[in-house]
Amino acid sequence: MLRLNQMKVHTKYIAGLIVVIFFVLCPLFLNSERSYFIYFLYTTFIYITIAQGWNLIAGYTGQVSLGQHAFFGLGAYITAITWRAGLTGYFDPLAFLLSGTGALLLAAIVGVVLLSKLRDDYFSLGTLGIGEILRVAALNGGSFTEGAAGISLNSTAYKSMNHYYYTALFIMLFTLVVIVLLIRSRVGLALIAIREDETAASANGIPVLRYKILAFSIGAFVTGLCGSLNAYYIFHVHPPGVLSLNWVVIPVLMCILGGAGTFMGPILGAFVLSIAFELTSIWMPEIHPIFSGAFIVLVTLFMPSGIMYYITNHKSMIMRRLRLTVFKWMNQKA
Amino acid sequence: MNKNESQYSKKNNSKKDVTGDDIFQMKSITKRFGGLKALNDISFNLKKNEITGLIGPNGAGKSTLFNVATSIYKPDSGKIFLMGENITGKRPHQICWMGISRTFQLAKTFLSMTALENVLVGAIYGHKPRARNVRQHAMEVLELVGLETKSDIITSQMTLSDRRLLEVARALVSQPFIMLLDEPMAGLNPSEIKKMLHVIEKAHKERNVSILWVEHKVEAIFSLCNRIIVLEYGQKIAEGKPEEIAQNNNVIEAYLGKPSS
């Protein structure tokens, strides 16, 4: 039994490695400047990262934040402003670090206030306010943020799509590794305990606020990194773009669809939803949001806790049906 | 009893060098909810290695008292001492680190975790400095409450009885001086009650832990407690040995009403 389990874990790692190698090799076979597939993977990587960051605070710790777009936007603005000021350059690791850290600090400061005072829905509403505050601040920031027009960056610096693709891949892998290590450690145990029952968690010696802030800040850090990358990609940082609610709504949808509180959930959800969005926009460009919406409703209707939970709970049933179908098909042939 | 002594005694996990009998004191605790005085000037002591029962009709303030003792609520006035140290207003997790652990009336286990993981939470976080061999500690307490064969079962699939036992195990694993049990037998059948009684007795003997125990099952509490405190409408109306309490007129009135002369 033990050997079987070990083998299973082994195959999981090998499967993961194969997928990663596939992603790494993709640009070698495709023309990344023109390939739609490369662009699709690039955006999906970013969504996975943000979704996984949200998963840490909401899925595992149970604190539903709706402020991820604030961290994304802050990251983008920090990158744009430091580049404009000449403090950092194009694709500067320092800019990434500053953006991530800025988002992390914002989360920590906001977290001290919101996470200690607000519970459940009120925390969600409070975090929704962070994005709004940042948006208004950016609009009224004068020459510092250049208001509604936003900061235009030097787009002649553009080198190649591969830079973006590999950076997004790296940020995503970094996030996945950090989260898997956290969740399997003692910290993960504390986070899940807080989600399951906050009172019991603190009565058993878990400093609840500290761990909530930790999860919130780490989620913000990786989201800030994505914002930074986005600033380099768009070369234009303005409030409706980087502080759009899309940067929280879509990743949250992906995470819930895939299964919040599971490691594979956000990854699966991001791919499924991205594919659904892309396919519908190709086949029925005029009405594609309707179909995407209907798709989301259907999935949540039939898999209310997400695709991952459905798979783990119905593993034997799915396998049985598969076997049955294959069996019938073979009989027909015979 | 000075501060250092209490800290070291916990670190070495040898409770014998703790001097003085009163390890826990509540001094004139008052807690209001709006106009209602849930606790009105309550004072009592817990003695080392004693099982103290806390009884009273519904709404007497028993659970409020527990929540004040573990800092989930802050008292409006009064002070709480553990080993002579003022612990009023400390955070709940600090209270746990200092050596008071508890169970909840509505068994608050972490439902998505296995039994072992539940206990591991207490083993890892419940004790300062952090213990080593947490897994071994956890298995030991699971064995003590008789759940060692169910360690890999997800808690949401356990019976209420097992969840209550699991809570006791989780409270015990943080190596407390005092364990507060909030109606550990509520909703259990007679054979499960027997098992729980056995576990409480065993925990008390093997772990040298003082117990404050809220219960409605009066026969159970009278059989095991050294001392009983009775609350009614937020006030302490009696305190003493079980035999005395059973004879106490105030207590009889509180439970049965005044005799019509």
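Start with chain B, coloured by confidence. Its average pLDDT is 86, and 92% of its residues score at least 70. Now select residues 1-19 of chain B: here the pLDDT is below 50. Beyond near neighbours in sequence, this stretch has 21 contacts in the model. Keep in mind that the whole model is predicted. For the complex, the predictor gives an ipTM of 0.86 and a pTM of 0.87.

**The interface**

Show both chains. Select the 23 residues of chain B that are in contact with 16 residues of chain A. On the chain B side, the elements that give two or more residues are α3 (92-98) and α4 (115-125). Pick out α4(B): it gives the most to this side, with 6 residues. Colour the chain B side by class. You will find 12 nonpolar, 7 polar and 4 charged residues.

**The core**

Next, the largest nonpolar core, which has 163 residues. Select V119(B), A169(B) and I178(B), the residues with the most contacts inside this core. Then highlight α9(A), which gives the most to the core, with 14 residues.

Centre on A169(B). Leaving aside neighbours within four places in sequence, A169(B) is in contact with V119(B), V141(B), L142(B), L144(B), V145(B) and L147(B).

**A helix pair in chain A**

Move to chain A and select α4 (residues 93-117) with α9 (residues 208-234). The two axes come within 7 Å and cross at roughly 145°. The crossing of α4(A) and α9(A) is right-handed. Their contact residues divide into 15 nonpolar, 10 polar and 1 charged.

**Backbone stops in chain B**

Most residues other than glycine have a negative phi, and most peptide bonds are trans.

Go to P129(B), in the loop between α4 and α5 (134-144) of chain B. A cis peptide bond joins K128(B) to P129(B), with omega about -5°.

Then find N49(B), in the loop between β2 (36-47) and β3 (51-55) of chain B. N49(B) is not a glycine, yet its phi is positive, about 55°. Is N49(B) buried or partly exposed? N49(B) has 16 other C-beta atoms within 10 Å, so it counts as partly exposed.

Finish at Q175(B), in the loop between α6 (160-172) and β7 (178-182) of chain B. Phi of Q175(B) is positive, near 55°, in a residue other than glycine. Q175(B) counts as partly exposed because it has 19 C-beta neighbours inside 10 Å, and a buried residue needs 20 or more.

Note on methods: Residues are numbered from 1 along each chain as its sequence is written. Chains are lettered from A and ligands numbered from 1 in the order in which they are written. This is a predicted model: local features need pLDDT of at least 70, side-chain atom pairs count only at pLDDT 80 or more; totals for chains, interfaces and linings use all residues. Axes are lines fitted to C-alpha atoms, for helices over the stretch in contact, and angles run from 0 to 180 degrees between N-to-C directions. Helices (H or I, at least four residues) and strands (E, at least two) are DSSP runs, numbered from the N terminus. A crossing is left-handed if the near helix is turned anticlockwise from the far one by less than a right angle, and right-handed if clockwise. Ala, Val, Leu, Ile, Met, Phe, Trp, Tyr, Cys and Pro count as nonpolar, Asp, Glu, Lys and Arg as charged, and the others, Gly among them, as polar. pLDDT is the predictor's confidence in each residue, from 0 to 100. Two residues are in contact if their C-beta atoms, placed from the backbone, lie within 7 Å. A nonpolar core is a set of buried Ala, Val, Leu, Ile, Met, Phe, Trp, Tyr and Cys residues joined through C-beta atoms within 7 Å. A residue is buried if 20 or more other C-beta atoms lie within 10 Å of its own, exposed if 12 or fewer, and partly exposed in between; C-beta atoms are placed from the backbone.
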